[in-house]
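The sequence and the structure are shown first, and the description follows.

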Amino acid sequence: MKFSKKYNFAASTSLLIAVFSTLAMAIFLYAVLEIVFLWLLLFFLFSFILSFFILQYRVEKFIYTRIKKIYEDVRLLDENNFTKPSITTDMEVLTREVERFAQDKKLEIETLNIRENYRKEFMGNISHELKTPLFTVQGYILTLLDGAMKDKKVRKKYLQRANKGVERLIYIIKDLDMITKLEVGGLILNKENFNILTMVQNVFDLLEMKAAKKNISLVFDKEYFDEIIVHADKERIEQVLTNLIVNSLKYGKQDGTTEVGVESLSKNKFLIRVTDNGEGISKENLPRIFERFYRVDKSGSRKEGGSGLGLSIVKHIVEAHNEKIYVESQLAIGSEFSFTLEEGK
């Protein structure tokens, strides 16, 4: 049987002790008494075995107790996760374990730092999004309380503007509530078969007036003669398409085009593409555009409406369907958002 590596240190040290002890005994017997080789052999074996067990026990306990105390002191590892059999006199194994532990902790710390930075940025973004309409509403109410409410025209105008601020707050809260439900799996999807082309046309009709403000054309990439049936939650997918097309209109250029295409993929999947020739997104911003409240424009301006949660909602709805969403973009050229859907049966 192969000798276990964890006993190497104790075995090699015990062998040295036994050899030198036996040599010392041989010299002593040679000088004082007659040398009996059988007794020397028995003495050698006894010395080796005794030294082996003492060394193995003492060194293993020495390493275990001190390494365990290090873990306890730095409080980086739960004591329940630290098992005695993993610590032996095999220094190679011990070194490998400590290196693995250190690497794991380094990754954990890096992950925690990233999450902490994300948390700080998220809290800053959400406070900015909420305080803008709150201060607006407060400003109009204070103005009315200061005497403006006596003028009927001013009172009505200010109340209408305050109501818009409240509506924006409700819009943000509803979107946050939806994202929370999507993240915890609390949103139930009612899947059914429907014609995705008809839905796209309905969204076009709904956003026709908004597109007309910038003279942006809402078109299909080609003429479709047959229905394309998909299996998904009809209401949620309409929300996905609406958010993507609204987003393309916000950042689309004057007299531009927003184009929607549907193509068949393998494994009974369809790919729905929403393409525009607008501002585009830089490479450094692409990985983060689906984050809640993430803004490509760092100036803090809010000339374009919305809760800042549209793309995040899109991503969560698509992933709730166990589907994928993709984005490709180039600055000053345009962007393409696409997602997959299951073919209807």
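Predicted model: local features only at pLDDT ≥ 70, side-chain atom pairs only at ≥ 80, totals over all residues.

## Strand pairing, cores and confidence

Strands S4 (residues 257-265) and S5 (residues 269-276) pair in the antiparallel sense over eight bridges. Within this pairing, Glu263 stands opposite Leu271 of S5. Three residues lie between the two strands of the hairpin, in which Lys267 takes a positive phi near 60°. S4 also pairs with S2, here in the parallel sense and over four bridges. In that pairing, Leu218 stands opposite Thr258 of S4.

The average pLDDT of the protein chain is 80, and 80% of the residues score at least 70. Among the elements, strand S2 (residues 217-220) has the highest mean pLDDT, 96, whereas helix H2 (residues 37-74) has the lowest, 72. Over residues 84-89 the pLDDT is below 50, and this stretch has 17 contacts in the model beyond near neighbours in sequence.

In soluble globular proteins, nonpolar side chains tend to be buried together. The largest nonpolar core of this model has 49 residues, and those with the most contacts inside it are Ile196, Ile237, Leu241, Ile245, Ile272 and Phe339. Helix H7 gives the most, with seven residues. Ile237 touches Phe194, Ile196, Met199, Ala232, His321, Phe339 and Leu341, residues up to four places away in sequence not being counted. A second, separate core has six residues, among them Val137, Tyr140, Leu144 and Ala162.

Asn215, in the loop between helix H6 (208-212) and S2, has a positive phi although it is not a glycine. Ala332, in the loop between strand S6 (325-330) and S7, likewise has a positive phi in a residue other than glycine. Their values are set out below.

| Residue | Phi | Relative accessible area | Class |
|---|---|---|---|
| Asn215 | about 55° | 46% | partly exposed |
| Ala332 | near 65° | 71% | exposed |

Ala332 counts as exposed because its relative accessibility of 71% lies over the 50% cut-off. Asn215, at 46%, is partly exposed.

Methods
Residues numbered from 1 in each chain as written. Heavy atoms only, no water. pLDDT = per-residue confidence, 0-100. Contact = heavy atoms within 4.5 Å. Pairing = 2+ DSSP bridges. Core = buried A, V, L, I, M, F, W, Y, C linked by side-chain atoms within 4.5 Å. Buried < 20%, exposed > 50% of the residue type's maximum accessible area, 1.4 Å probe, protein only.
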